[in-house]
Amino acid sequence: MLEQLQQIKNWLEESRHTVVLTGAGMSTESGLADFRSKSGWWQQIDPRTVATTEALTHNYQLFQQFYSARIHALADITPHEGHRILADWQKRGLVQHIATQNVDGLHTLAGSHNVDELHGSIRSVRCQKCHAAAEMSSFLANEACRCGGRLRPNVVLFGENLPQQAWNSTLSHMKAAQLVIVIGTSLEVYPVSQLPHMTNGKTAYINLEIEQSHFDIMLKEKAGEALKIIDALL
Ligand code: APR
């Protein structure tokens with residue numbers, strides 16, 4: 001494992017355009033559940049009943065309870081050392097772009113800039129009908145919009161398009177990348193799962209479960225641990 005970490009460190013120093021793509025496994029060490037590992041959200045609840053446009057339309061009470069619970073869970077959650085290391089690497093010019101599937105805002109809270117939130121953010125809400133921004137307190141209180149519409153967090157639900165600007169930005173960074181480091185994601189959800197294939201650069205995958213095979217380096221390690229060791233080698 002150490003030689004793989006050393007290799008990633010060498011590529012990080014040599015690369016002039018490095019992109020980091022993260023998933024829910026980047027937030028578990030901050031105390032947030034991921035989705036598909038044995039302790040993940042989707043082991044307890046069928047995503048079709050809460051994380052789809054159908055759920056928003058036909059199952060609003062469960063939809064509102066599910067997202068309210070996840071929003072409340074953020075109250076005492078902070079970024080971990082791994083988030084702070086990535087923010088530091090960005091400041092030092094070792095990383096040029098961070099894209100995430102996470103909606104928890106932890107990369108930004110750790111000091112990262114211009115993070116592309118490919119699946120949106122749970123930290124703000126809008127009306128599904130008139131699209132006006134709404135108060136988080138109104139959503140948590142299960143209130144309707146002034147127009148009568150239903151409030152929903154600004155996350156990308158299954159069946160919705162990804163934010164165009166975030167997608168285009170990350171795609172262009174991937175195409176320009178000399179190094180792509182993918183951390184804490186099962187890469188099971190389209191179209192983000194396709195992004196690592198879009199680069200001609202070196203690719204490294206850091207994940208607790210290795211189901212992928214097309215990476216130059218595949219490291220079965222905790223995100224925080226791997227980032228701490230690479231950082232110490234720099
Ligand atoms: N370090 C490294 N890997 C980890 C860690 C950790 N500390 N904790 C969990 N993992 C791994 C898990 O083994 C799993 O393979 O991270 C991966 C997380 O995968 P998922 O739970 O599928 O999460 P993600 O890939 O981000 O899901 C993508 O699916 O439900 C939708 O919108 C949701 O954005 C999410 C998308």
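This briefing covers the surroundings of the ligand and the cysteines of the structure. The model is predicted, so local features need pLDDT of at least 70 and side-chain atom pairs count only at pLDDT 80 or more, while totals for chains, interfaces and linings use all residues. Residues are numbered from 1 along each chain as its sequence is written, and side-chain values use heavy atoms, with hydrogens and water left out.

**Ligand surroundings**

- Around the ligand there are 23 residues, of which F35, R36, T185, S186 and E209 come nearest; a residue counts as near if one of its heavy atoms lies within 4 Å.
- By class, this shell has eight nonpolar, nine polar and six charged residues, with Gly counted among the polar ones.
- At least three residues of the shell come from each of domain 1 (1-32 + 78-119 + 162-234) and domain 2 (33-73 + 122-155), with bounds from an automatic or database domain assignment.

**Atom distances to the ligand**

- An N or O atom in the side chain of R36 is 2.7 Å from an oxygen atom of the ligand, and a polar backbone atom of F35 is 2.8 Å from an oxygen atom of the ligand.
- A nitrogen atom of the ligand lies 3.1 Å from a backbone N or O atom of L208.

**Cysteines**

- The structure holds zero disulfides, a disulfide being a pair of cysteine sulfur atoms within 2.5 Å.
- The sulfur of C127 has its closest cysteine sulfur in C147, at 3.6 Å, which is too far for a bond.
- C130 is in no disulfide either, the nearest cysteine sulfur being that of C127, 3.7 Å away.

Technical notes: Polar contact = N/O pair within 3.5 Å; in protein donor to acceptor, adjacent residues only side chain to side chain.
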